[in-house]
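Open the model in your viewer and keep the selection tool at hand.

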Amino acid sequence: MKVGIIGQGYVGLTLSSFASEHFDVVGFDTNQKLVDQLNLGSSHIEGVDNSLLGKRIESGRYKATTKGSDLKGSEIVVIAVPTPLTIDRKPDLTYIEAACKTIGENISESILVINESTSFPGTLRNFIKPAIEKYTPSQVEHLYAISPERVDPGRDDFNQKNTPRLYSGLTSEATAKTREFYSKFCDNLVEVTSAEVAEAAKLFENTFRQVNIALVNEFAQIAHSLGISVYETLDAANTKPYGFMKFTPSAGVGGHCIPVDPTYLAAVAEEHGAPATFIRRANEVNLEMSEYIVRRVAADNGGNLQGKSVLVVGVAYKPNVADVRETAAELVIQHLRSQGAVVSWHDEVVGNWKGESSAPLQGADLAVVVTKHDSVDEKKILASAPYVFDTTGKVKGAKGL
Ligand SMILES: NC(=O)c1ccc[n+]([C@@H]2O[C@H](COP(=O)([O-])OP(=O)(O)OC[C@H]3O[C@@H](n4cnc5c(N)ncnc54)[C@H](O)[C@@H]3O)[C@@H](O)[C@H]2O)c1
């Protein structure tokens, strides 16, 4: 069976690597450079290694393409494109709409369309289905299902095989075919009664994390004002064997999911007249952390960062990945620069970012650790500047939250 996967990023390529063990997979992406790179067997995603990709290409089980017509003959097409926010922080479904157009214009037989992109409840039924139908010959009726992705890039204990997967179709036939598809490479499938429940569950999972991260970030500020260690206090609370889950403070949240998905939930809530106060406030607290950190660094250094060379250590949004989307490092750097600091950054996992390259881990007046990759030596961080402020809690001997 041929399967088309639209979008070959973190979600789409990871899915391609698992699905191509059982199916012929065509990975459609609009980025020609990425497609060329993938067809040479070079993966840009942690967790999809080049040798596996090369094997799948060699056996004819996988090919990447920018041609929508290569999707013809697919019995299943999965959508895995970005769902960011617009400039005014509203859900942006333009990538989903473009994917729907690609399906409508290129698929003329009835197929199963599965959405894996994260979006608000009702997206499959009220947006994706009509958008595809708009471009599809009227006699063709597709099946539609949702199966939100839970991939956590950089993690090797949980993957497509052992992470429980939610799914639901708009019809019982769509649900059954979706189960059949994922059961080839996922051990634990959880059917829910409607697409909207699956869509809402995905948003709530990330909202739960966003709100708890904001809570611990606020608590870090409270603990500091009381003169107690936030880390020792959290460890103490964590000795309770039930009813508590430990989150740790940070410079803020990053990546495609936690800073974005809760806003999708808030937007749909407010549209329906329901409050989303926790979500909105949590977002603010997480965004304010960068400014709080820069205030703390300035306070420790005579209240003035003018002309000081500051090295930001780790600009990826989390350890051991090269992903810089929505990274808290960006705001930290902005606030440092607005205080007159001369900022460079060190992150060899990222390498190049916003027209700048990773600077050596040495010779600064001050260092601020935003993300600590496993490959970066703690002692070298401490030696990189006479004053080191660590927002991760991993660099022993540094100043911190
Ligand atoms: N990254 C994660 O950890 C993660 C986890 C769960 C869910 N998600 C969700 O999955 C979806 C995809 O996220 P991602 O992290 O894979 O994004 P990504 O940016 O890594 O990849 C998206 C890919 O889609 C391509 N693309 C954009 N428009 C396209 C179009 N019209 N047709 C074909 N390709 C197109 C881009 O070129 C890019 O390669 C989002 O809704 C996201 O919220 C992401």
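Select α4 together with the ligand: of the elements, α4 gives the most to the shell around the ligand, with three residues. Helices here are DSSP runs of H or I with at least four residues, strands are E runs of at least two, and both are numbered from the N terminus. This is a predicted model, in which local features need pLDDT of at least 70 and side-chain atom pairs pLDDT 80 or more, while totals for chains, interfaces and linings use all residues. Residues are numbered from 1 along each chain as its sequence is written, and side-chain values use heavy atoms, without hydrogens or water.

Next, show the whole shell, which has 27 residues (a heavy atom within 4 Å of the ligand). Y10, V11, D29, T83 and T118 are the closest.

Now display the polar contacts (pairs of N or O atoms within 3.5 Å):
- D29: a side-chain N or O atom is 2.6 Å from an oxygen atom of the ligand.
- T83: a side-chain N or O atom is 2.6 Å from an oxygen atom of the ligand.
- V81: a backbone N or O atom lies 3.4 Å from an oxygen atom of the ligand.

The ligand taken alone exposes 840 Å², and the protein buries 90% of that (Shrake-Rupley areas, 1.4 Å probe). Two or more residues of the shell come from each of α1 and α4.

Move to the largest nonpolar core, with 35 residues; I6, I79, I103, V113, I128 and I132 have the most contacts inside it. Such a core is a set of buried Ala, Val, Leu, Ile, Met, Phe, Trp, Tyr and Cys residues joined through side-chain atoms within 4.5 Å; buried means under 20% relative accessible area, with a 1.4 Å probe and protein chains only. Elements giving two or more residues to this core include β2 (24–28), β4 (76–79) and α5 (123–135). α9 gives the most, with five residues.

Centre on I103. Beyond neighbours within four places in sequence, I103 is in contact (heavy atoms within 4.5 Å) with I6, V77, I79, I111, V113 and I132.

Finish at α2 (residues 32–39), whose buried residues are L34, V35 and L38. They line one face of the helix, because seen down the axis of α2 they fall within an arc of 100 degrees (directions from the axis to the C-beta atoms). Their cover includes α1 (10–19), α3 (50–58) and β3 (62–65). At the start of α2, a side-chain oxygen of N31 comes to within 3.1 Å of the backbone nitrogen of K33. Just after α2, G41 has a positive phi of about 85 degrees.

Notes: Buried means under 20% relative accessible area, exposed over 50%, partly exposed in between (1.4 Å probe, protein chains only). A polar contact is a pair of N or O atoms within 3.5 Å; within protein, one must be able to donate a hydrogen and the other to accept it, and residues adjacent in sequence count only if both atoms are side-chain atoms.
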